Amino acid sequence: TVSADFTAGTTYTGTVAFLNELANPVDIISEEVLEEGDEHQIFFLQNGLGTFTYNDQDVNGKPIGLSFTYEASETATNGDLTIVLRHEPNKTADGVSSGDITNAGGGTDASATFSINVN
């Protein structure tokens with residue numbers, strides 16, 4: 001969820017959580033993503049909203065994305081942020097470790113899009 005607008009030029013820390021709310025009790029998928037970090041990576045797809053930096057790593061020193069830093073754009077803007085969880089991406093492919101999904105391959109386990117406002 002995104003609970004409020006972001007302030008231009010401000011840095012935020014955040015986390016991504018994946019839940020299976022159809023299970024009883026609720027299954028916290030994020031725990032599996034962390035345990036199998038070398039088989040997963042989260043991508044933050046957006047255009048001009050700011051910069052996302054990974055704060056966590058798998059056993060090979062490659063990013064996971066459950067923990068991140070977001071630096072909001074220096075100027076007011078709005079747009080969509082799509083968060084994608086990839087299973088078995090090629091984390092050594094060009095640009096993947098820096099968050100570029102283009103060469104990642106693998107399969108999408110989950111995807112969610114949020115409207116973002118930077119004021």
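Predicted model: local features only at pLDDT ≥ 70, side-chain atom pairs only at ≥ 80, totals over all residues.

Biologist: Good to know. In what order do the elements run from the N terminus?

Modeller: The order is β-β-β-α-β-β-β-β-β.

Biologist: And why does the radius of gyration agree with a compact globule?

Modeller: Because a compact globule of 119 residues would have a radius of gyration near 14 Å, and the chain has 14 Å. That radius is taken over C-alpha atoms, and the globule rule is 2.2 Å times the number of residues to the power 0.38. Along its principal axes, the C-alpha trace spans about 40 × 35 × 20 Å.

Biologist: How many of the residues count as buried?

Modeller: 34% of the 119 residues. Buried means under 20% relative accessible area, exposed means over 50%, and partly exposed is in between (1.4 Å probe, protein chains only).

Biologist: Let's move to the sheets. What is the order of the strands in the open sheet with β4?

Modeller: The order is β4-β7-β8, three strands with antiparallel pairing. Here β4 and β8 (107–118) are at the edges, each with a single partner strand, so one side of each has no neighbour in the sheet. From one strand to the next, the twist averages 15 degrees; the axes behind that are lines fitted to C-alpha atoms, for helices over the stretch in contact, and angles run from 0 to 180 degrees between N-to-C directions.

Biologist: How many bridges join β4 to β7?

Modeller: Six, with β7 covering residues 77–87. Two strands pair if DSSP finds at least two bridges between them. Leu45 has Thr82 as its bridge partner in β7, and Phe43 stands opposite Val84.

Biologist: Is β4 largely enclosed or open, and why?

Modeller: Largely enclosed by the rest of the structure, because five of its six residues are buried. His40, found in β4 (residues 40–45), is buried, with a relative accessible area of 2%.

Biologist: Which residues is His40 in contact with?

Modeller: Leaving aside neighbours within four places in sequence, the list includes Val33, Pro63, Leu85, His87 and Asp109. Contact means heavy atoms within 4.5 Å. A polar atom of the His40 side chain also lies 2.9 Å from the backbone oxygen of Glu36.

Biologist: Switching over, what is the order of the strands in the open sheet with β1?

Modeller: That one runs β1-β6-β5, again three strands with antiparallel pairing. The edge strands are β1 (11–15) and β5 (50–54), each pairing on one side only. The twist averages 25 degrees from one strand to the next.

Biologist: And how many bridges do β5 and β6 pair over?

Modeller: Five, with β6 covering residues 67–72. Phe52 has Tyr70 as its bridge partner in β6.

Biologist: I'm curious about Asn55. Where is its place?

Modeller: Asn55 is in the loop between β5 and β6 and counts as partly exposed at 40% relative accessibility. Not counting residues up to four places away in sequence, Asn55 touches Ser67, Phe68 and Thr69.

Biologist: What joins the side chains of Asn55 and Thr69?

Modeller: A polar contact of 2.9 Å. The term covers a pair of N or O atoms within 3.5 Å; within protein, one must be able to donate a hydrogen and the other to accept it, and residues adjacent in sequence count only if both atoms are side-chain atoms.

Biologist: Last one: is Glu35 buried or exposed?

Modeller: Exposed, with a relative accessible area of 68%. Glu35 is found in helix α1 (residues 29–35).

Notes: Residues numbered from 1 in each chain as written. Heavy atoms only, no water. Helix = DSSP H or I, 4+ residues; strand = E, 2+ residues; numbered from the N terminus.
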